[in-house]
Amino acid sequence: AKISVAARKAYFTSLLKQEIGYYDEKNSGSLNTALISDCLNIAGMGTAIGLMLQHFVTFVGGFVLAFYYSWRLSLILLAVVPLFVVVGIISASFEKQGVGGGVRGDDDDDNDKKKVDPVE
């Protein structure tokens, strides 16, 4: 949270230092939206890095304990790790496609309806 607050303050001070012509080109709503979304991305990245570090330490610590108690079983588990990595990559690709709508397709069955573009 401290990093996000510091980023907001730095972003806001850089906005205050801009020339007047900058605000003629940019909409105030888009500036506010960019500020909020960038700070949320920074906060989310901090959470992701923390989780990644936690999972890595758990993984390494688990193997250290496994080698301490039974080195033979640990070697068998170590041989299966590449399979876990491949399954994780495949699972992540499916999850990414599902979030973007690449797998699901359209929910409505009426294909003869004209879809309206909000830009027009």
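This is a predicted model: local features need pLDDT of at least 70, side-chain atom pairs count only at pLDDT 80 or more; totals for chains, interfaces and linings use all residues.
Is Phe-59 buried, exposed or partly exposed, and why? I looked it up: Phe-59 counts as partly exposed because its relative accessibility is 44% (buried is under 20% relative accessible area, exposed over 50%, partly exposed in between, with a 1.4 Å probe and protein chains only).

Numbering runs from 1 along each chain as its sequence is written, and side-chain values use heavy atoms, with hydrogens and water left out.

Next I checked the rings. I found four aromatic pairs in the structure. Phe-59 and Phe-63 have ring centres 5.0 Å apart and planes at 70°, so I logged them as edge-to-face (rings of Phe, Tyr and Trp, its six-membered ring, pair with centres within 6.5 Å; planes under 30 degrees apart are stacked, over 60 edge-to-face, the rest tilted). Both sit in helix α3, four residues apart, about one turn of the helix (helices are DSSP runs of H or I, at least four residues, numbered from the N terminus). Phe-63 counts as buried because its relative accessibility is 15%. Tyr-68 and Tyr-69 make another edge-to-face pair, 5.0 Å centre to centre with 80° between the planes, and both are exposed. I also have Phe-59, Phe-63 and Phe-67 down as one aromatic cluster.

I placed Val-64 in helix α3, residues 28-69, and it is exposed because its relative accessible area is 53%.

Note on methods: Helices (H or I, at least four residues) and strands (E, at least two) are DSSP runs, numbered from the N terminus.
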